[in-house]
Amino acid sequence: MMRLAVLLTCIGLISATALPEQVVENEGSGKVVGGSNARPNTWQWQVSLQMDNWGTGYFAHICGGSLVSANYVMTAAHCILDLDVRKYKVVLGEYDLSKPEGREQVYGVTRIVVHPGWTEDLANGNDIALMKLDSLAYSNGYVSIAELPYSGQILPNGFTCYITGWGLLATGGYMPDLLQEAPIGVVDYSVCSTYEWWGSVVKKSMVCAGGDGLTAGCQGDSGGPLNCLTDGSWKVHGVVSFGAAINCNLYTKPTVFTRVSAFIDWLYSEMV
């Protein structure tokens, strides 16, 4: 399937033949690999990408994403397990996956656009895709459109952002019901591309964050946003792409994101 699957399957490389089952959160406030339950109504552009892989009518969370226009969601290319649009639902305003809360907006998908440079090899990058909703999202106090960085913008080393999602709370753990958030520090390309870190696997069109052995994304967070407060407002600077297979929060193996600022022109050219 993917050449780097053995090394990089921790985040989001979900088998096309086995979707993760929804697991009810145990007692306590589950931690997402160094994070905690997000405050409700905070990350209003966060979406839950859900799939019915078996044609049963039951849609399960597989990936995250970001609402980037009234009718387009940005996610990771590797989250697109099938090009049949009927197999997907996009849920906006989601917080607790275990129950309806009255804030959610559920949409079908009418168009899927995978970046033409995506080769199913994570090391080649271009792990980004767009999904067109079957109708326009609307403002209900729980949903808003993400702001994006300017083209080519690079975050400084150590800059603190937030990763959000419903991914595994630990390698081999379970998926929480409640949206999780975790502060995570950016690792500059000059550091992340060294032998001790990710080496040549990392490209300049990516953003590394974490690698402290404490905080990371994990399976189920793929496609979700790297949220950073820049130029006075929160913007989505990254799309969760991959991490280490043996341990999601492995030291010197940070979560790697597709760098949104490297794809601004492509994004706007496709959102028609």
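On a 1 Å grid over the protein atoms alone, a cavity is a set of points where a 1.4 Å probe fits but cannot get out, and a pocket is an open set with protein on both sides within 12 Å along at least five of seven lines; lining residues have an atom within 4 Å of a point. Volumes are the space filled by probe spheres set on the points, with grid points joined across faces, edges and corners. The model is predicted: local features need pLDDT of at least 70, side-chain atom pairs count only at pLDDT 80 or more, and totals for chains, interfaces and linings use all residues. Residues are numbered from 1 along each chain as its sequence is written, and side-chain values use heavy atoms, with hydrogens and water left out.

The structure holds 3 cavities of 30 Å³ or more. The largest cavity has about 100 Å³ of space. Its lining consists of R39, N41, T42, W43, Q44, Q46, G93, E94, Y95, R103, Y142 and L179. By class, that lining has 4 nonpolar, 5 polar and 3 charged residues. Here Ala, Val, Leu, Ile, Met, Phe, Trp, Tyr, Cys and Pro count as nonpolar, Asp, Glu, Lys and Arg as charged, and the others, Gly among them, as polar.

Now the open space. Strands (E, at least two residues) and helices (H or I, at least four) are DSSP runs, numbered from the N terminus.

From β3, move to β4. The two strands form a hairpin with 2 residues between them. They pair in the antiparallel sense over 3 bridges; pairing takes at least two DSSP bridges between two strands. In this pair, S69 stands opposite Y72 of β4. β4 (residues 72-75) also runs antiparallel to β7 (residues 129-133), joined by 4 bridges. There Y72 stands opposite K132.

Which residues of β4 lie on each side? In a regular strand, side chains alternate between the two faces of the sheet. Y72 and M74 are on one side, V73 and T75 on the other, and all are buried. Buried means under 20% relative accessible area, exposed over 50%, and partly exposed in between (1.4 Å probe, protein chains only).

Further along, K235 is found in strand β12. Is K235 buried or exposed? K235 is buried, because its relative accessible area is 8%. Its side chain reaches the backbone oxygen of T230 at 2.8 Å. K235 touches E147, L148, P149, L226, N227, C228 and T230, leaving aside residues up to four places away in sequence. Contact means heavy atoms within 4.5 Å.

Finish in the loops. Most residues other than glycine have a negative phi. D231 has a positive phi, near 55°. D231 is in the loop between β11 and β12 (233-242), and counts as exposed because its relative accessibility is 60%. T252 also has a positive phi, about 65°, although it is not a glycine. T252 is in the loop between β12 and β13 (255-259). At 13% relative accessibility, T252 counts as buried. L214, in the loop between β10 (206-209) and β11 (225-230), is exposed at 57%. L214 and L250 are 36 residues apart in sequence and 8.0 Å apart in space, C-alpha to C-alpha.

Conventions
Polar contact = N/O pair within 3.5 Å; in protein donor to acceptor, adjacent residues only side chain to side chain.
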